[in-house]
Amino acid sequence: MLENLLKKSRSIRSFEPGKKVPEEVLLKMIDLARLCPSSANLQALKFRPVTDSSECEKIFGAIKWAGYLPEGTVPPKGHESTAYIVICLDKNIASNVSSFNKDTGICAQTMMLCAAELGFGGCMIGSFDKEAVSSALSFTDNLEITLILALGVPDEKPVIVDSTGDIKYYRRDGVQFVPKRTLDEIIIK
């Protein structure tokens with residue numbers, strides 16, 4: 001059921017050490033993103049799968065993880081993601097990056113659901129050093145990074161809880177809790 005898959009695809013920030021995501025899984029995720037709706041059907045997004053350990057290390061070093069949690073606490077040392085998908089807008093196809101933010105979101109969510117269905121997990125990362133990642137992957141100037149998906153085999157299971165007014169996620173005894181507004185709070189009456 002879709003509800004279970006959505007709950008399973010919560011942001012994962014701790015991964016099984018040494019367990020790799022096969023490149024064919026990343027390619028499957030990207031192929032599904034290719035089928036997603038696209039603004040004006042321009043299909044301006046491009047995707048870079050990353051499994052090489054040295055490239056993964058460079059990307060990891062350019063990411064700012066979990067803004068609500070103390071710096072350096074996630075992922076725990078040794079539990080870093082083992083793969084990434086870097087989503088870019090090809091400015092040779094479409095120059096206005098903000099016009100394609102929704103395309104990025106649709107594709108990212110589709111790929112995260114695919115990852116969860118296949119037993120993997122990940123986190124959508126919007127806070128990172130674009131220049132460092134672009135340099136690490138030798139991107140040309142026409143590729144504007146819009147989002148990074150950090151992926152691996154989850155070694156945690158985030159718990160969704162009803163918000164009590166504070167929406168900041170938190171960790172307690174190694175478990176990540178994700179407050180969500182209740183249905184009544186999000187319905188416009």
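Predicted model: local features only at pLDDT ≥ 70, side-chain atom pairs only at ≥ 80, totals over all residues.
Which element supplies the largest share of the lining of the largest cavity? Helix 4 does, with 3 residues.

**The cavity**

The count comes to 1 cavity of 30 Å³ or more, and the largest cavity holds about 30 Å³ of space. Its lining is made up of Lys 8, Ser 9, Arg 10, Ile 12, Met 112, Ala 115, Ala 116, Phe 120, Gly 121 and Gly 122. Helix 4 and strand 3 each supply at least two residues of this lining.

**The pocket**

Turning to the open space, the largest pocket has a volume of about 570 Å³ and is lined by 27 residues. If you want to find its centre in the viewer, the residues that lie nearest are Ser 9, Arg 10, Ser 11, Val 178 and Lys 180. The elements that give two or more residues to the pocket lining are helix 1 (2-8), helix 4 (101-117), strand 3 (121-125), strand 5 (159-162) and strand 7 (175-180). Strand 3 gives the most, with 4 residues.

**The linings by class**

**Where the two linings meet**

Ser 9 and Arg 10 line the largest cavity, and both are among the residues that lie nearest the centre of the largest pocket. Helix 4 and strand 3 each give two or more residues to the pocket lining, and each supplies at least two residues of the cavity lining.

Key:
Residues numbered from 1 in each chain as written. Heavy atoms only, no water. 1 Å grid on protein atoms, 1.4 Å probe; cavity = no way out; pocket = protein on both sides within 12 Å on 5 of 7 lines; lining within 4 Å. Points joined across faces, edges and corners; volume = space filled by probe spheres on them.
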